[in-house]
Amino acid sequence: MARTHDHPGEQAAPDPVRLLDIRDTPLSVDEIFRAVGDDAAGGTALFVGTVRNHDGGQDVGSLGYSCHPSALDELRRVAEKVVADFPVRALAAVHRVGELAVGDLAVVVAVSCAHRGEAFEACRRLIDDLKHQVPIWKHQHFSDGTEEWVGAC
């Protein structure tokens, strides 16, 4: 009998990056989840980042995201590094730009792997590296009329 890690389904897929995008339209959790579907995946981890109503002790009314023209290329670089470091079957990441309201989806990422632990770890790395390395900036508008720019990288 073959050891489990010898089965092709235990290995990274040949082309696991299924969807990467930066959009000015509303995001769909269903779209991202479908993009990472894989029959060899026993675990899929999904992270959804939403606009919250507060930050740093202040009430947030809305915010806007903007990005550098290289942002999609940097997102691909981040995704490919996650794929190189984990046995990813499928990966997807989409970030929103433009004006968003409280409760709107700002970012959705998902990773499928043969096992749940790998999926959790790879998904965590994907969102953390996206937030730290992809040039996307947040412009928060507080309910008291003040505002703040927050750099993602």
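Visitor: Buried means under 20% relative accessible area, exposed over 50%, and partly exposed in between, with a 1.4 Å probe and protein chains only. On that scale, is Ser 112 buried or exposed?

Guide: Ser 112 is buried, because its relative accessibility is 0%. One caution: this is a predicted model, where local features need pLDDT of at least 70 and side-chain atom pairs count only at pLDDT 80 or more, while totals for chains, interfaces and linings use all residues. Residues are numbered from 1 along each chain as its sequence is written, and side-chain values use heavy atoms, with hydrogens and water left out.

Visitor: Where is Ser 112 found?

Guide: In strand β7. Helices (H or I, at least four residues) and strands (E, at least two) are DSSP runs, numbered from the N terminus.

Visitor: And which residues is Ser 112 in contact with?

Guide: Contact means heavy atoms within 4.5 Å. Setting aside neighbours within four places in sequence, Ser 112 contacts Val 36, Ala 41, Gly 43, Thr 44, Val 88, Arg 89 and Ala 90.

Visitor: Zoom out. How many helices and strands are in the chain?

Guide: Three helices and nine strands. Along the sequence they run β-α-β-β-β-α-β-β-β-α-β-β.

Visitor: What box do the C-alpha atoms fill?

Guide: Roughly 65 × 25 × 25 Å, along the principal axes. The chain has 153 residues, and 42% of them count as buried.

Visitor: What share of the contacts comes from residues 24 or more positions apart?

Guide: 72%, among contacts in the chain with a separation of 6 or more.

Visitor: What about the accessible surface of the chain?

Guide: About 8200 Å², with 51% belonging to carbon and sulfur atoms. Areas come from the Shrake-Rupley method with a 1.4 Å probe, and for residues only the protein chains shown count as cover.

Visitor: Now pockets. What volume does the largest pocket have?

Guide: About 340 Å³. A pocket, on a 1 Å grid over the protein atoms alone, is an open set of points where a 1.4 Å probe fits, with protein on both sides within 12 Å along at least five of seven lines; lining residues have an atom within 4 Å of a point. Points are joined across faces, edges and corners, and the volume is the space filled by probe spheres set on them.

Visitor: Which residues lie nearest the centre of the largest pocket?

Guide: Thr 50, Arg 52, Tyr 65, Lys 131 and Lys 138, out of 20 lining residues. Elements giving two or more residues to that lining are β2 (43–50), β4 (58–67), β7 (105–113), α3 (116–133), β8 (136–142) and β9 (147–151). The largest share, four residues, comes from β8.

Visitor: Stay with β8. Is Gln 140 buried or exposed?

Guide: Gln 140 lies in β8. Its relative accessibility is 2%, so Gln 140 counts as buried. Beyond four places in sequence, Gln 140 touches Asp 55, Val 60, Ser 62, Leu 63, Thr 146, Glu 147, Glu 148 and Val 150.

Visitor: And Phe 142, buried or exposed?

Guide: Phe 142 is also a β8 residue. Phe 142 counts as buried because its relative accessibility is 6%. Its contacts beyond four places in sequence include Asp 55, Gly 61 and Glu 148.

Visitor: Glu 148 keeps coming up. Where is Glu 148 found?

Guide: In strand β9. Glu 148 has a relative accessible area of 34%, so it is partly exposed. Not counting residues up to four places away, Glu 148 touches Asp 55, Lys 138, His 139, Gln 140 and Phe 142.

Visitor: How far is Glu 148 from Leu 63, C-alpha to C-alpha?

Guide: 9.3 Å, although the two are 85 residues apart along the chain.
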